[in-house]
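Take a moment with the sequence and the 3D view.

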Amino acid sequence: MDSPKLPRLRVSAETGPDALVAFIFGAADAVPSAVDCALLAGPPVEAWCAQGDHYAVRIVEATEAGGDIEAATEQAYRRLLAETRPSAHPYLLRIWNYFADINAGEGDHERYRRFCVGRAAAVDEMFNQVPPAATAIGADGAPARLQVVALCAKAPAIALENPRQTPAWRYPREHGPVSPGFSRGAVLDADTATPRLLASGTASIVGHVSRHVGDFAAQLRESLDNLAALLEQGRQATGRGFPLAGCESLRVYLRRPDDLAAAQAILATSGIDTGRVSYLRGDVCRRELDVELEGVFAAS
């Protein structure tokens with residue numbers, strides 16, 4: 001009998017010789033490769049580790065000349081694809097984007113909308129069919145650079161959408177001249193003994209409409225409902241359960257640090273191990289929303 005395949009990717013609170021990348025939260029000027037989001041509570045490091053050579057991580061940074069996030073994004077994504085597509089790891093599975101003042105500017109001049117325009121100008125057809133799971137967060141500091149972290153692999157993941165939400169790449173025109181290019185989640189290693197589900201940035205959005213504006217607690221609960229619905233989609237796609245209790249890592253981005261205590265109280269009743277939760281200061285890409293979640297979930 002063949003031995004079961006081993007999991008290829010895991011998340012650890014500790015770095016090690018097999019770590020692909022360690023997400024360290026704080027000022028990147030002080031700690032190289034740190035994410036420019038202040039840590040409010042929880043583990044200070046999230047390390048992504050792999051067995052074998054199935055995965056690779058690429059980190060691309062682009063300087064904003066005169067605060068031009070659109071040009072910086074196009075430059076970063078062109079470079080990312082130029083490095084990734086000819087490599088042994090041509091598939092983009094999960095992407096994190098961090099840049100300051102994400103909500104600055106009005107209407108189509110908002111920096112997040114310009115980011116989406118720049119990304120769309122750079123990506124190829126393979127990127128869009130279907131887009132990778134992703135998060136875009138407004139980091140601390142003044143506009144200066146875009147940080148892009150991409151998890152790549154030798155084979156594609158299973159892309160997931162959430163039945164409670166309109167696919168982001170099908171958002172109507174009211175959300176900007178170009179729809180955001182990301183899927184709601186991805187299942188990795190579906191053919192192994194321990195697949196993992198990576199949830200994209202998840203906020204209080206039903207359909208394509210922001211919900212519970214001005215009510216932080218209701219927004220967080222709606223976000224958790226969206227997360228639960230996504231995990232159910234993972235079960236339907238793979239036949240394996242992805243319970244909240246199987247959370248290996250959860251990031252909670254808070255627009256206002258004063259909401260930390262309320263967030264901790266709600267997460268304490270969610271079924272997620274509170275020792276796996278990191279709370280970060282970060283702006284959600286929709287200015288009317290105050291909290292966003294993303295995480296990694298192991299199969300039961």
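In which hand, left or right, does H1 cross H2? The crossing is right-handed. Keep in mind that this is a predicted model. The two helices pack at an angle of about 35 degrees. Their axes lie 7 Å apart.

Now look at who makes the contact. H1 contributes Ile69, Glu70, Thr73, Glu74, Tyr77, Arg78 and Leu81. From H2 come Arg111, Arg114, Phe115, Val117, Gly118, Arg119, Ala121 and Ala122. Sort these residues by class, and the contact of H1 with H2 has seven nonpolar, two polar and six charged residues.

Next, the rings. Searching the whole structure turns up eight aromatic pairs. One of them joins Tyr77 and Phe115. Where do the two partners sit in the chain? Tyr77 belongs to helix H1, residues 69-84. Phe115 belongs to helix H2, residues 111-122. The partners are 38 residues apart, so the pair links distant parts of the chain. Are Tyr77 and Phe115 buried or exposed? Both are buried.

Tyr77 and Phe115 belong to one aromatic cluster, together with Phe99, Tyr112 and Phe127.

Finally, find Phe23. Arg251 lies over the face of this ring. The distance to the ring centre is 4.1 Å.

Notes. Residues numbered from 1 in each chain as written. Predicted model: local features only at pLDDT ≥ 70, side-chain atom pairs only at ≥ 80, totals over all residues. Heavy atoms only, no water. Phe/Tyr/Trp six-rings, centres within 6.5 Å; stacked < 30°, edge-to-face > 60°. Helix = DSSP H or I, 4+ residues; strand = E, 2+ residues; numbered from the N terminus. Buried < 20%, exposed > 50% of the residue type's maximum accessible area, 1.4 Å probe, protein only. Lys NZ or Arg CZ within 6 Å of the ring centre and 35° of its normal. Axes fitted to C-alpha atoms, helices over the stretch in contact; angles between N-to-C directions. Left-handed = near helix turned anticlockwise from the far one by under 90°. Contact = heavy atoms within 4.5 Å. Nonpolar A, V, L, I, M, F, W, Y, C, P; charged D, E, K, R; others polar.
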